[in-house]
Amino acid sequence: MYRYLFFSLLAPTLLTAQKSATDYSSLVKSVTPSVIEWRRHLHQYPELSNREYKTAEYITAHLRKLGIEVKTGVAKTGVIGILKGGKPGPVVALRADMDALPVKERVDIPFKSVETADYLGQTVPVMHACGHDSHVAILMGTAEVLAKMQKEVPGTVVFIFQPAEEGPPGEEEGGAKLMVKEGVLDAPKVEAIFGLHINSQTPLGTITYKSGATMASSDWFTIKVTGKQTHGSQPWAGIDPIVVSAHIIEGLQSIVSRQSELTIAPVVITVGKISGGVRNNIIPEETTMDGTIRTLDPVMQKQTHERIRKVATTIASAWGATAEVTIDTKTLVTYNDPNLTSMMLPALEKAAGKENVKAKEWTTGAEDFSFFSDKVPGLFFFLGGMPATVKAEDAAPHHTPDFFIDDSRLDVGVKAFIELVFGYAALPVKPVKQ
Ligand SMILES: [Zn+2]
Ligand SMILES: [Zn+2]
């Protein structure tokens, strides 16, 4: 009797669990060829940041076909899909970035890009040299599978197709920052967000992640030094902004080596461009330096800004010159909520296989996903796209003409997103933003 009762109570649950698991893997299997096809189409027709018009149409048509509620023109060319599941549950967002880069593709593949576009008045080649084409295809595939199992889906899934991750052109607004500003996380109110990045130097089909700070904040700075113009033979009659700039550059590097507590997190200050003067025998009136700051701790990011301002202005004033410092924050520190990360690890392991999920070090690269995970608990992880026959040191890095992704295991990305949606909904206690 007891045994019978126990069995009859348990049996339907087991059956349902088994059924949905089988359905989901067969659905992923059947969508995978399309995911690869979509990725290759997008790869062949890449578009620059804030100009992802055809990409947006391609995504929109797909989501509409699936019967998913769609919002277009979000943060300029962004597309949002909202899928209401048949079961009660949380609102979870999944994000894919859509933009390509002004890089000329050198890889010889049948779907090689020969596209060009206007970039700040210049005609440039365009290439998906960061792999965002695969992100879009993975999320389109995820949307298809989840739409087909809508009755089983707990809560609401918000599919965020985001423009301009690489940075909008010129003075334009864009990217995740603008999406947050336009309320993408507010209606419906998103509880947690997940995102991934393909990686050309990580073994195929593996997932890597880091709890806590995972990618750096990125700020762009400009320091304009104004001195007093004079003849090159008579420096004492003026104030040489070139020599002052040299001292400021030394000062900036000493901020890293002498003032930053590097045991907490690394700091990078790079001056990537310096310009001033017209010829040998004229000491010019001004010079301009442009650079980038990377930190992996929000407090250190703020401190570094203050120190740069202080070092530049006080060194300049010691010489009778002036320094004008502007700092523009491009991304925040991409922070993986430690509770969310540890709670979601089983989901990633289910998707890729336990032996294929590995913790990694943080990087000084940056991601504007950070604007989303600054607002709600987030997890951003990496998916390997390096062919099995290639060594990591030989694989072309992102943003280069030889960048190449093996797209045969994009299904791992689809599975990871699906597992995260179901895994998050099943958590008895959800992490909250600190
Ligand atoms: Zn990139
Ligand atoms: Zn990227």
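The following legends describe close-up views of a predicted model of a protein chain with two zinc ions.

**Figure 1. Overview of the protein chain.** The predicted model contains nine helices and 18 strands. The C-alpha trace spans about 105 × 45 × 45 Å along its principal axes. Of the 434 residues in the chain, 52% are buried. Contacts between residues at least 6 apart in sequence are counted here, and 82% of them join residues at least 24 apart.

Figure 2. The zinc ion (ligand 1) and the zinc ion (ligand 2) lie 3.1 Å apart, and Cys130 coordinates both. Cys130 is in the loop between strand E5 (122–125) and helix H3 (132–148), whereas Glu166 is in the loop between strand E6 (154–162) and helix H4 (175–181), so this pair ties together parts of the chain that are 36 residues apart in sequence. Cys130 has a relative accessible area of 8%, which is under 20%, and therefore counts as buried. Glu166, with a relative accessible area of 24%, is partly exposed.

Figure 3. The relative accessible area of His128 is 1%, and the residue is buried. A polar atom of the His128 side chain lies 3.4 Å from the backbone nitrogen of Asp133. Leaving aside residues up to four places away in sequence, His128 touches Leu42, His43, Pro46, Met98, Asp99, Ala100, Asp133 and Phe403.

**Figure 4. The nonpolar cores.** The largest nonpolar core has 66 residues, of which Phe159, Phe161, Phe194 and Phe381 touch the most other members. With residues up to four places away in sequence not counted, Phe159 touches Ile68, Val79, Ile80, Gly81, Leu83, Leu94, Leu139, Thr142, Ala143 and Leu146.

Figure 5. Helix H6 comprises 21 residues, 298–318, and reaches 30 Å from its first C-alpha to its last, close to the 30 Å expected at 1.5 Å a residue. The buried residues of H6 are Met300, Gln301, Thr304, His305, Ile308, Val311, Ala312 and Ala316. These residues cover an arc of only 145° around the axis and therefore lie on the same side of H6. The elements that cover them include strand E9 (212–226), helix H5 (241–259), strand E11 (267–276), strand E13 (286–295) and strand E14 (322–331). On the face turned away from the buried side are the exposed residues Val299, Lys302, Lys310 and Ala318.

**Figure 6. The ends of helix H6 and the position of Gln301.** At the N-terminal end, Asp297 caps H6, with a side-chain oxygen 3.0 Å from the backbone nitrogen of Val299. Gly320 follows the helix and has a positive phi, near 80°. Gln301 lies within H6 and is buried, at 7% relative accessibility. Residues touched by Gln301, not counting those up to four places away in sequence, are Ser217, Asp219, Thr295, Thr329 and Thr331.

**Figure 7. The loop containing Glu393.** Glu393 is located in the loop between strand E18 (378–386) and helix H9 (410–425). Its relative accessibility is 64%, and because this is over 50%, Glu393 counts as exposed. Glu393 and Asp411 are 18 residues apart along the chain, and 25 Å separates their C-alpha atoms.

Definitions and conventions: Residues are numbered from 1 along each chain as its sequence is written. Chains are lettered from A and ligands numbered from 1 in the order in which they are written. This is a predicted model: local features need pLDDT of at least 70, side-chain atom pairs count only at pLDDT 80 or more; totals for chains, interfaces and linings use all residues. Side-chain values use heavy atoms; hydrogens and water are left out. Donors are N, O and S atoms within 2.8 Å of the metal (3.2 Å for Na, K and Ca); water is not among the atoms, so sites may look incomplete. Helices (H or I, at least four residues) and strands (E, at least two) are DSSP runs, numbered from the N terminus. Buried means under 20% relative accessible area, exposed over 50%, partly exposed in between (1.4 Å probe, protein chains only). A nonpolar core is a set of buried Ala, Val, Leu, Ile, Met, Phe, Trp, Tyr and Cys residues joined through side-chain atoms within 4.5 Å. Contact means heavy atoms within 4.5 Å. The expected span of a helix is 1.5 Å times one less than its number of residues. The arc is that of the directions from the helix axis to the C-beta atoms. A polar contact is a pair of N or O atoms within 3.5 Å; within protein, one must be able to donate a hydrogen and the other to accept it, and residues adjacent in sequence count only if both atoms are side-chain atoms.
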